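Let's take a walk through this structure together.

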Amino acid sequence: MRYENHTKAMAGDGRTSFGIFQGIASAAVSEILANRGFDWILVDMEHGTIGIETTGDLFAVIRSGGPTPLVRVPSNDQATIKRALDAGPMGGMEPRVNSREEAERAVSDCKYAPAGSRGIGPGRASLYGVRMGEYLEAADAQVMLIPQAEHKDAVERIDDILSVPGIDAIFVGPYDLSCSMGLQGQVTHPEVEKAIAAVLAAAVRAGVAPGIFCMDAASAKRRAEQGFRFIAIGLDSVFLDNAV
């Protein structure tokens with residue numbers, strides 16, 4: 001099994017990576033996306049229909065095609081994060097991280113002792129325990145931690161959040177952020193853009209890769225020009241709908 005995370009290396013080197021969210025619980029969708037040149041594919045357990053029983057199969061298919069398999073967990077609790085990471089992704093995105101304390105908990109849940117409190121157990125990530133030693137040696141260095149800034153509270157506390165060691169990227173969710181500001185869906189509203197710019201600037205100060213969700217390639221290009229370095233270009237269901 002490969003435990004090198006090229007997307008994490010890109011984030012650390014200041015290079016820009018592009019990926020896509022997968023919300024359809026289908027290995028065929030993973031296989032198609034994994035052969036379209038994305039740097040990473042994020043399996044979305046927060047929204048959509050994908051459950052823990054399916055994720056391991058999707059991660060394996062994604063990995064075989066070359067992109068880095070990532071996961072967004074449905075909630076920031078240790079049991080959920082542990083099971084998701086044991087299924088074999090090389091990074092975890094945690095929604096609604098709005099404070100330093102929540103960021104510290106996310107880091108702890110994703111890392112083994114002494115850096116954190118992640119439990120040790122056989123799963124697909126370690127080939128069901130067959131390569132447990134190899135996985136334990138690599139995991140803390142290779143598994144990405146990507147909290148989301150998707151609420152105005154996170155923007156107000158962004159420097160505190162990004163002061164927590166162990167964060168590899170901070171990911172702006174512009175749609176939820178706009179909702180929290182009373183500007184639902186207005187992701188290019190000047191006030192929303194100001195909040196997004198604040199997260200970008202804080203990430204640069206902290207030496208953390210700034211990330212953001214975009215709905216299309218044109219928006220992704222604009223965000224890359226602004227300085228974002230971990231960029232989602234939409235999601236599978238929207239691409240499917242646009243093709244009809």
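Start at Q148, which touches E46, R72, M93, E94, P95, R96, V97, I170, F171 and G173, leaving aside residues up to four places away in sequence; contact here means heavy atoms within 4.5 Å. This is a predicted model, in which local features need pLDDT of at least 70 and side-chain atom pairs count only at pLDDT 80 or more, while totals for chains, interfaces and linings use all residues. Residues are numbered from 1 along each chain as its sequence is written, and side-chain values use heavy atoms, with hydrogens and water left out.

You will find Q148 in strand β5 (residues 144-149); strands (E, at least two residues) and helices (H or I, at least four) are DSSP runs numbered from the N terminus. Q148 has a relative accessible area of 1%, so this residue is buried (under 20% relative accessible area; exposed is over 50% and partly exposed in between, with a 1.4 Å probe and protein chains only). The side chains of Q148 and R72 are joined by a polar contact of 3.0 Å, that is, a pair of N or O atoms within 3.5 Å; within protein, one must be able to donate a hydrogen and the other to accept it, and residues adjacent in sequence count only if both atoms are side-chain atoms.

Now for the rings. The structure holds eight aromatic pairs (rings of Phe, Tyr and Trp, its six-membered ring, with centres within 6.5 Å; planes under 30 degrees apart count as stacked, over 60 as edge-to-face and the rest as tilted). Among them is the edge-to-face pair of Y112 and Y135, at 6.5 Å centre to centre with 90° between the planes. This pair links distant parts of the chain, 23 residues apart: Y112 lies in the loop between α5 (100-110) and α6 (132-142), and Y135 in helix α6. Y112 counts as buried because its relative accessibility is 6%, and Y135 counts as buried at 2%.
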